[in-house]
Amino acid sequence: MLDIASVARLLEQPRKIVITTHHKPDGDAMGSSLGLYNYLIQQGHHAKVITPSDYADFLNWMPGNEEVLIYTENTQLADTFIAEAEMIFCLDFNALSRINAMEASVRASSAAKLMIDHHLEPEDFDDFRYWDINACATAQLVYMFIADALNNKALINKDVATCLYTGILTDSASFKLPKTTAEVHIIAAELINAGAVNWRINELVYNSSSENRLRFLGNCLVNKLEVLNEYNTAIVSVTKAELEQYEVETGDTEGIVNYALSISNVRLAAFIVERTDEVKLSLRSKGEFPANEICKKYFAGGGHRNAAGGRSDEPLQAVIEKFKSILPDYKKLLIQ
Ligand code: 5GP
Ligand code: MN
């Protein structure tokens, strides 16, 4: 394991650096990655953000976005960067299986692997770890890594601040989730002072729906919402045909599960979607209910207690039935 002093020493000279994050990157994955990228390029490092997959349009405006390499669309070039890298920053994930097709190349690389993350149960693949499950976002940790650990707050410029603010905003559900501490608000204020235009970022992230997305959301809420009051659980399920009918794009399904959770008695909400090659589940819960336990035990996934995900190779209906069949085991926790 490297300590922070060794990392700081490594970064004294220009390095070849890859920054990567989890498959289907969300706002925190992109915000923390591009925040770190905009910091590193100021010091003359040759940094490259490589994402395992594409990501939502509402995230494609951040400074540095045009330099991002999508692994599945540019595999050969990305593999060259990974093979030549001296350092690989792994942001917003802590198990290499989360980078899907990139896993083999990153595993094979001799670069120092530096994890900055806030998920539970990190796997042992890293050479340096800046990890705290109490952080509301990886972007918060990147801020602390730069400002506190590396003592380089002066290099948090408008570009860095814009990206990190976006990460904190999205992962804290607009400063609403329990990990939004006073310190998070202080960091957000620092980022605004450094040039992040908070109202504009909000607009770019949250007021950028396509008409299709809104109609798709309407369909989900009117026709696809199933509330199981006996278990204080709500399910929204979506077929591949519906994704096609509404021309749903990457990111359009994000956040729909939260509408199901917003029903006052609902403690567990599931969004279950039939993708091309698998069925994907997004679970959200309130309070102590361990959504990640269900994902880990039954759906080859994981995540946080209140926000977790998983997958299955079974047909959509079978996955829905399997999910329902688990609920009696959790009835006590659900009806508290
Ligand atoms: P989402 O529902 O937005 O896809 O994911 C919610 C949370 O669960 C995120 O923090 C994400 O990192 C985690 N998560 C989603 N899918 C998986 C998965 O397949 N495996 C693991 N370990 N975590 C996941
Ligand atoms: Mn995150």
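Which residues does Leu2 touch, not counting residues up to four places away in sequence?

Modeller: Happy to. Leaving out residues up to four places away in sequence, Leu2 touches Val7, Ala112, Asp127 and Phe128; a contact here means that two C-beta atoms, placed from the backbone, lie within 7 Å.

Before going on, a word on how to read the picture. Residues are numbered from 1 along each chain as its sequence is written, while chains are lettered from A and ligands numbered from 1 in the order in which they are written. This is a predicted model, in which local features need pLDDT of at least 70, side-chain atom pairs count only at pLDDT 80 or more, and totals for chains, interfaces and linings use all residues. The protein chain has a mean pLDDT of 97, with 100% of its residues at 70 or more; pLDDT is the predictor's confidence in each residue, from 0 to 100. The scores for the model are ipTM 0.94 and pTM 0.91.

Back to Leu2. Its place is the segment before α1 (4-10). Helices (H or I, at least four residues) and strands (E, at least two) are DSSP runs, numbered from the N terminus. Leu2 counts as partly exposed because it has 17 C-beta neighbours inside 10 Å. The cut-offs are these: 20 or more other C-beta atoms within 10 Å make a residue buried, 12 or fewer make it exposed, and partly exposed is in between, with C-beta atoms placed from the backbone. One of its contacts, Phe128, is 126 residues away along the chain, yet the two C-alpha atoms are separated by 5.1 Å.

After α5 comes Asn151, with a positive phi near 55°. For background, most residues other than glycine have a negative phi.

Helix α6 holds Thr162. Setting aside neighbours within four places in sequence, Thr162 is in contact with Met62, Pro63, Gly195, Ala196 and Ile201. From Thr162 to Ser312, 150 residues along the chain, the C-alpha atoms are separated by 36 Å.

How is the chain divided? There is a domain 1 (4-206) and a domain 2 (211-335), with bounds that come from an automatic or database domain assignment. Seven residues from domain 1 and seven from domain 2 take part in the contact. On the domain 1 side, the residues that touch domain 2 are four nonpolar, one polar and two charged. In this grouping Ala, Val, Leu, Ile, Met, Phe, Trp, Tyr, Cys and Pro are nonpolar, Asp, Glu, Lys and Arg are charged, and the others, Gly among them, are polar. Taken over C-alpha atoms, the centres of the two domains are 27 Å apart.

Further along, Asn232 is found in the loop between β7 (225-228) and β8 (233-238). Its phi is positive, near 50°, in a residue other than glycine. Asn232 counts as buried because it has 23 C-beta neighbours inside 10 Å.

Next comes helix α12 (residues 291-298), with Ala291, Asn292, Ile294 and Cys295 as its buried residues. Down the axis of α12 these fall within an arc of 160°, so they line one face of the helix; the arc is that of the directions from the helix axis to the C-beta atoms. They pack against β9 (268-274), β10 (279-285), β11, β12 and α13 (316-326). Cys295 is buried, with 23 other C-beta atoms within 10 Å. Apart from neighbours within four places in sequence, Cys295 is in contact with Leu281, Leu283, Gly301, Gly302, Gly303, Ala308, Gly309 and Gly310. For Leu281, 14 residues away in sequence, the C-alpha to C-alpha distance is 8.1 Å.

In the loop between α12 and β11 you will find Ala300, which has a positive phi of about 50° although it is not a glycine. Ala300 counts as partly exposed because it has 15 C-beta neighbours inside 10 Å.

Finally, the ligand. Around ligand 1 are His22, His119, Ser282, Gly301, Gly302, Gly303, His304, Ala307, Ala308, Gly309, Gly310 and Arg311, where a residue belongs if its C-beta atom, placed from the backbone, lies within 6 Å of the molecule. Two or more residues of this shell come from each of β11 (302-303) and β12 (307-312). The largest share, five residues, is from β12. By class, the shell has two nonpolar, nine polar and one charged residue.
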